[in-house]
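Please open the model in your viewer and keep the selection tool at hand.

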Amino acid sequence: MKIALTIAGSDPTGGAGFQADLKTFSAMGVYGLSIPAVLTAQSTKGVSSIQEIKSDFFEAQLDTLLQDIKPGALKTGMLYSLDIVKIISEKYRQYSLTNLVIDPVIVSSTGVSLVKEGVKEAIREQLLPLAKVITPNINEAAVFTGIIINGEKEMKEAAVKLKDFGVGAVIITGGHMKEKAIDLFFDGEEFLTLENDKFAGEFHGTGCVFSSVITACLALGYDVKEAFIKAKEFVWNAMRLAVVLGKGMKILKL
Ligand code: PXL
């Protein structure tokens, strides 16, 4: 049995956060472990409140789990605070973990900030050098690189800059672009772009599901490029089948 761990925020709708990650792992045939890094109060209409998890308890969750079970891959999602980022970087080394996927969650689809002051910089300095792959959307890639992405050319420039922060590979998702949904992979040598038509409407959790497929694929032994191709297809299907659960955004169907 292959095992993957998600360290992410809680989203009670299950559309995003560790709940979406677990469902994705399961759909990929991978056993899912989960550690909440922060809690949110939210509906399909958005995040209304955020509750931090005490850092010593967060650390206890990691130590207790990792002394017992070693996941084949892990991902981080919404981390929110500086202590959480620091503890993950320490534990990653302490437990000789591999296959770290970073989904650098910064702002929700409805525009609520999902990080405290200084956390973006901490992710860049402490986590990116450990990562096998980072999976920002175009807005997150812009935050880390200062490059405003309107098309493939800027996407490539941003990918090169992100690679220089020490990650193994970069995958920028372009679901927020105006015309086509173009996703770009770059491993320092090769670029690969995958493109599809955009779906109409607002979707919640696409980034979480995308990075979870990548994580599950790494746990299964795929390389990052194969994982990218799988993830693009998986998310496309889950968006095609998306459901309206409440009064807000659509939720992917896994
Ligand atoms: O989709 C980004 C995201 C990730 N994780 C959690 C979230 C959100 C967006 O709202 O709430 C917990």
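Begin by selecting Lys 70, which lies in the loop between α2 (55–66) and β4 (73–76). Helices (H or I, at least four residues) and strands (E, at least two) are DSSP runs, numbered from the N terminus. The model is predicted: local features need pLDDT of at least 70, side-chain atom pairs count only at pLDDT 80 or more, and totals for chains, interfaces and linings use all residues. Residues are numbered from 1 along each chain as its sequence is written, and side-chain values use heavy atoms, with hydrogens and water left out.

Leaving aside residues up to four places away in sequence, Lys 70 touches Tyr 95, Ser 96 and Leu 97 (contact means heavy atoms within 4.5 Å).

Now select helix α7 (residues 206–219) and helix α8 (residues 224–240), which pack at an angle of about 140° with their axes 8 Å apart. Therefore α7 is oblique to α8. Axes are lines fitted to C-alpha atoms, for helices over the stretch in contact, and angles run from 0 to 180 degrees between N-to-C directions; those under 35 degrees count as roughly parallel, over 145 as roughly antiparallel, 65 to 115 as roughly perpendicular and the rest as oblique. Residues to display in this contact include Phe 210 and Ile 214 of α7 and Phe 228 and Val 235 of α8. By class, the contact has 13 nonpolar, one polar and two charged residues (Ala, Val, Leu, Ile, Met, Phe, Trp, Tyr, Cys and Pro count as nonpolar, Asp, Glu, Lys and Arg as charged, and the others, Gly among them, as polar).
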